[in-house]
Amino acid sequence: MLNFWCVRPGGSPIKVNLSIKNGKIADVKFTHNETPAVGGSALDKIKADVLKSQNINVDAISGATATSKAALSALEAAFLKAGGSKAIPKKTSTAKDKAYENTTTDVVVVGGGPGGMMAAIDLCKAGKKVILLEKQGVLGGNGTFVSTYYQAGGTSIQDKNKDKDVSEEDFAKYLSTYPQTNPEMAKAVAPGAREAFELLVQNGADLKRTFKPFAHAPSDGRAPGLGNLCTKGG
């Protein structure tokens, strides 16, 4: 097993452990401090591509170019140190390109962030043919950076967890305790928060853990953005 460090421009080092057995790449492990939903996801994808193609010269990940370059440079150095040929294997494209020539659809949604994904889901439910376009390597947009919790009252999850004093009205009162909050606005926000929450859950979002008492988060302890990079039915 070979270990190499490569510093991402403007960021922290990325370490790669490359294991080669019987002439094949057996495993790739990255040690890093990248943002899990962006750089971390890119490194996971690179690892999967390398193991599948048995080639270290795979595609960089859109949206995480600097991270990809650092990881691929470290992989090349480790590969050569392990006795690999100086003639690095020819690049293998791991992208699953799909041609859309002469394709017709009802709606094209540009951007796979929270708004784009929910718009695509609602359109599909309405019987429309939808193409969702996203230039990054992962879906989620700014939703991947949601690092706290989702607050709402009167939700199906709170009812299932038998939480007390968490009705929609209780949530409106709670919001009203914030300085400079208009109580009438709080009453308007509370039902919308519950409706949006139920829509997320119905489409696969894991928000089963409740606390605080109005907070909801993924059951595995992660932040909502990391626990729900994409939803079902997209």
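Predicted model: local features only at pLDDT ≥ 70, side-chain atom pairs only at ≥ 80, totals over all residues.

Biologist: Which way do E2 and E3 run, and how many bridges join them?

Modeller: E2 (residues 13–21) and E3 (residues 24–31) run antiparallel, with seven bridges joining them.

Biologist: And what does asparagine 22 do in that hairpin?

Modeller: Asparagine 22 takes a positive phi near 50 degrees, in a hairpin that has two residues between the strands.

Biologist: OK, on to the inside. How many residues are in the largest nonpolar core?

Modeller: That core has 21 residues, and those with the most contacts inside it include Val16, Leu18, Val28 and Phe30, plus Ile46, Val50 and Leu75. Two or more residues each come from E2, E3, helix H1 (36–53) and helix H2 (65–81). H2 gives the largest share, seven residues.

Biologist: What does valine 50 touch, leaving out residues up to four places away in sequence?

Modeller: Valine 50 touches Ile25, Val28, Asn55, Ile56, Val58 and Leu75. Apart from that core lies another one, of 13 residues, with Ala152, Ala172, Ala193 and Ala205 among them.

Biologist: Switching to charges: how many salt bridges turn up in the whole structure?

Modeller: Four. One of them joins lysine 45 to aspartate 49, with the closest N and O atoms 2.8 Å apart. Both lie in helix H1, four residues apart, about one turn of the helix.

Biologist: Is aspartate 49 buried or exposed?

Modeller: Aspartate 49 counts as buried because its relative accessibility is 7%, below the 20% cut-off. Lysine 45 is partly exposed, at 37%.

Biologist: What about glutamate 168, which side chain does that one meet?

Modeller: Glutamate 168 meets arginine 194 in a salt bridge, 2.7 Å from N to O. Glutamate 168 is in helix H5 (residues 168–176) and arginine 194 in helix H6 (residues 183–202), so the pair ties together parts that are 26 residues apart in sequence.

Biologist: And lysine 187 with glutamate 184, where do they lie?

Modeller: Both are in helix H6, three residues apart.

Biologist: Last one, the surface. Which residues make the nonpolar patch of about 280 Å²?

Modeller: Val108, Val110 and Leu133 make that patch. Valine 108 sits in strand E4 (residues 107–110) and counts as partly exposed, at 46% relative accessibility.

Note on methods
Residues numbered from 1 in each chain as written. Heavy atoms only, no water. Patch = residues over 30% accessible without salt bridge, like charges linked within 9 Å, V, L, I, M, F, W, Y side chains within 5 Å. Areas by Shrake-Rupley, 256 points an atom, 1.4 Å probe, with all protein chains shown as cover. Buried < 20%, exposed > 50% of the residue type's maximum accessible area, 1.4 Å probe, protein only. Pairing = 2+ DSSP bridges. Core = buried A, V, L, I, M, F, W, Y, C linked by side-chain atoms within 4.5 Å. Contact = heavy atoms within 4.5 Å.
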